[in-house]
Each structure stands twice: as C-alpha cells, then as structure tokens.
Amino acid sequence: MRTEPKLMGRGSGTAGPGPGLGGAADRLLLSLKRAAAALRDAGIEYALAGGFAAYAHGAAVSTHDVDFVVRQRDVQAALDALGAAGMTHLESPENWLEKACDGEYLIDLIHTPSGRPVDGELLGRADEMTVGAVLMPVLPATDLMIMRLLAFTETACDFSGFLHVSRAVREQVDWRVVAAETGRSPYAYAFLTLLARLHVIEEDVL
C-alpha cells in the first residue's frame, strides 16, 4: 500500500537539478521526469526502479539509464505513452523488458525482472516519493535489493557497483526478507555474505 509522500533530503532531489547532480545526471533526471509524467497521464500503474529508485532512497545518483517496472499487459500502452511524449521505441533482444529512447537517454520498461512478473502486489508496495521535485511511486529498498541480487549470474556478478548502494540504503532494507527471497541464488548468497563480512548487515541474517 502506498504511504503519504516521503519528502527526503539527499536522495529525493527535492530541489530539482542543481549542486550534487550536474551534466549527464541532470539530463537523465529530466528524461525520468518526462517519462514518469507520460505514464501517469496515460493512467498506467508503474514504479521507479533501478539506480534512480536507489537515489531516491539516499544512494548516489545514477547516470546510466532510467528503470520503471510495469505489468507486462501495460507495456504497449506505456510505449505508446512515451511515444506520444516524443520518445522512440528501441527493439530489445531481452524478453523481460522493452526500451525507449529520449534523445540519447534510455528508458527501460521492465515487466519480468529475474523471471518474476511485475504484479499488483509489487506495484502496491511502492511509496510516493519526491524525485527531482516530482512525486512518483518508487519501489521500496527491500524490493530493489531483491531485484538486484536476483540479477547476479555467473556471467554478471560484479559486486563492486552495488556495494555503495547497499551501504546507503541498509537501514531501509528488511534483510531477512531479502535473504529468504533470494535464497536459491548462490550469487545472492555470496553478496549477502560479503555484506556480513563487511559489517553492512548482521551475520545472523544468513
């Protein structure tokens, strides 16, 4: 269930683009806000995910792309809404997301992260938060952690890029839920073990 809007400081970007962002991050944040407005105006239920959701929770700003989660049945409507806002659909080889492009900046519409379809339960846990001075639904830190850990595989298990995020949001994460939901993944277990050895989380979480 969504809560009252959270007006956060560092991660929320309540002052909009300015000191602390700059350059590509500013322009990507603008694309994020344009895409979120297009989805909202089209009546599509979505939630911000990925690096910018972590940013909203207090992590460093993302400069890679913008991730939204949507139901698979809403993907085409979401692409149409982004197209009406001047964005271009890009063909994607992956079968778990679709991509749009706002100039040089990518917008990912994720419908089946790590084989787990986006549903009303996941979207219902999103909180209304201020991102770049715009209120939008943002996935909770626990769900972000689960999604990221389940994405680790034998060929994609570079933990370094996600350690800082884990440190930044650790007090907002239910680590026991994360451990339970990712228990079948040896890569997730390895990452949680690393966090425990680094004293980011308690060892009894494992």
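Modeller: Here is a walk along the strands, starting with one hairpin.

This is a predicted model, where local features need pLDDT of at least 70 and side-chain atom pairs count only at pLDDT 80 or more, while totals for chains, interfaces and linings use all residues. Residues are numbered from 1 along each chain as its sequence is written, and side-chain values use heavy atoms, with hydrogens and water left out.

Start with strand β6, residues 127-131. Strands (E, at least two residues) and helices (H or I, at least four residues) are DSSP runs, numbered from the N terminus. Five of the five residues of β6 are buried, so the strand is largely enclosed by the rest of the structure. Buried means under 20% relative accessible area, exposed means over 50%, and partly exposed lies in between, with a 1.4 Å probe and protein chains only. Both faces of β6 are covered. Asp127, Met129 and Val131 are buried on one side. Glu128 and Thr130 are buried on the other.

Now the partner of β6. Strand β7, residues 134-138, pairs with β6 in the antiparallel sense, over five bridges. Two strands pair if DSSP finds at least two bridges between them. Thr130 has Leu135 of β7 as its bridge partner. Two residues lie between the strands of this hairpin, and Gly132 takes a positive phi near 60° there.

Next comes strand β4, residues 97-102. Five of its six residues are buried, so β4 is largely enclosed by the rest of the structure. Strand β3, residues 88-90, runs antiparallel to β4, and three bridges join them. Leu90 stands opposite Lys99 of β4. The hairpin from β3 to β4 passes through six residues.

β4 also has a partner in strand β5, residues 105-110. Six bridges join β4 and β5, which run antiparallel. Glu98 has Leu109 of β5 as its bridge partner. The hairpin of β4 and β5 has two residues between the strands, and Gly103 takes a positive phi near 70° in it.

Last, the cysteines. Cys101 is buried, with a relative accessible area of 14%. Cys157 is partly exposed, at 35%. How many disulfides does a search of the whole structure find? The search finds zero. A disulfide here is a pair of cysteine sulfur atoms within 2.5 Å.
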